[in-house]
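Hello,

Here is the structure for your files. My notes on it follow below.

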Amino acid sequence: MLSNIIKEHTEAKAQRTSGNAAETRIRASEQMQALVSDAVVDLNAEVSQVFANQKAIDSEIQSMQEALARQKRATAKWSTSVKKFNQSLKEIGDVENWTEILENDMRIVLDAIQLSKQGETFTETETS
């Protein structure tokens with residue numbers, strides 16, 4: 001009789017364990033699916049945020065490149081204008097230098113003419 005009770009107890013325990021194991025597997029599987037689903041939702045939210053940030057960064061890069069191109073064109077225009085202005089200043093300096101040289105040459109010619117006239121006047125006074 002005791003052996004029958006132990007046998008029945010062992011069989012009942014085995015049935016409960018196998019039944020519990022199946023239920024435990026099902027519950028574990030459901031919980032794992034819920035966990036994976038929650039993880040996917042969280043990851044999708046983070047990936048979506050990263051994608052939105054990348055899109056905003058790309059847009060900002062594009063606008064910066066356009067602004068840089070505009071600035072580059074403006075700088076090139078300013079550079080050309082400054083070079084032209086500098087060349088004009090050099091030309092003015094050259095003209096000024098040329099006029100000073102011409103003025104000095106004219107003074108030398110004038111002095112030579114005056115000396116020549118004084119020499120003629122001096123010779124005329126000696127001969128008369």
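**A salt bridge and a nonpolar patch**

R107 is partly exposed, with 45% relative accessible area; that class lies between buried, under 20%, and exposed, over 50% (1.4 Å probe, protein chains only). Its partner in a salt bridge is E103, and the closest N and O atoms are 2.6 Å apart. A salt bridge here means a side-chain nitrogen of Lys or Arg within 4 Å of a carboxyl oxygen of Asp or Glu. By this rule the count is 1. E103 is also partly exposed, at 40%. Both residues lie in helix α1, 4 residues apart, which is about one turn of the helix.

This is a predicted model: local features need pLDDT of at least 70, side-chain atom pairs count only at pLDDT 80 or more, and totals for chains, interfaces and linings use all residues. Numbering runs from 1 along each chain as its sequence is written, and side-chain values use heavy atoms, without hydrogens and water.

The protein chain has 1 helix and 0 strands (DSSP runs numbered from the N terminus: H or I of at least four residues for helices, E of at least two for strands). Of its 128 residues, 0% count as buried. The accessible surface of the chain is about 11900 Å², with 61% of that on carbon and sulfur atoms (Shrake-Rupley method, 1.4 Å probe; for residues, only the protein chains shown count as cover).

M32, L35, V36 and V40 make a nonpolar surface patch of about 360 Å². Such patches join nonpolar side chains (Val, Leu, Ile, Met, Phe, Trp, Tyr) within 5 Å, and like charges within 9 Å, from residues with over 30% relative accessible area and no salt bridge. V36 sits in helix α1, residues 2-127, and is partly exposed at 44%.

Regards
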